[in-house]
Each structure stands twice: as structure tokens, then as C-alpha cells.
Amino acid sequence: MSFDITFMNCTDPHNKISKSPATVFTLNGTLKQGCDVTDPIIVVEHEKPLNVNYAYIQEFGRYYYIKKIESYRTGLWEVTMHCDVLKSF
């Protein structure tokens, strides 16, 4: 499954309900494997390391904190996320 992911930076505290993240860019992502919508692991293609800490996936209708970004192989990045329930609902 492939879909767009909006990557952002958010400096608001985790416990704030109305966060104001700043959009950095949008990439197309692919699920690495079947995953939980709460904690997805998604592979994206980008030439440089991703310097972001927040994301939105419209297909899931949720906002996510980015927990970890690892190099999958040259130009591919594995992004591990966790749902921000305060912003998503």
C-alpha cells in the first residue's frame, strides 16, 4: 500500500491539544509490512536524511510523532511513528 505522508516539525509539548506543526515536505510512503495504524513503520524515498519529528497520513486520518528514522538502504528511509491521539481526535 502506497500513500502520501506530510512531514512536519513540531515544537509544541506532547500534552498540548491544539499543536501548530510546520509542514516541511510531502513524500510518498510504502508500508514495510502489515502494521498497526497506531505505530506504523513506513519506508520513504529521499536523497538526504529526514530532519523532521512529526507527520500526517491522510489515508489513516492521524497525526504521528516520529520516534525513529533509520537508513534502510541508499536513498530509502524507514520511519517509525507513534500516533498523537490528542491532535488526531
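Strands, the elements followed in these views, are DSSP runs of E with at least two residues, numbered from the N terminus. This is a predicted model, in which local features need pLDDT of at least 70, side-chain atom pairs count only at pLDDT 80 or more, and totals for chains, interfaces and linings use all residues. Residues are numbered from 1 along each chain as its sequence is written, and side-chain values use heavy atoms, with hydrogens and water left out.

View 1. D4 counts as partly exposed because its relative accessibility is 47% (buried is under 20%, exposed over 50%, partly exposed in between, with a 1.4 Å probe and protein chains only). Beyond its neighbours within four places in sequence, D4 is in contact (heavy atoms within 4.5 Å) with T26, L27, N28, Y56, I57 and Q58.

**View 2. Six strands close into a barrel.** Follow the order β1-β2-β3-β6-β5-β4, with antiparallel pairing (two strands pair if DSSP finds at least two bridges between them). Strands of a sheet pair through backbone hydrogen bonds, either parallel or antiparallel.

**View 3. Strands β5 and β6 pair in the antiparallel sense.** Eight bridges connect β5 (residues 62-73) with β6 (residues 76-83). Look here for K68, which stands opposite T80 in β6.

Note on methods:
Helices (H or I, at least four residues) and strands (E, at least two) are DSSP runs, numbered from the N terminus.
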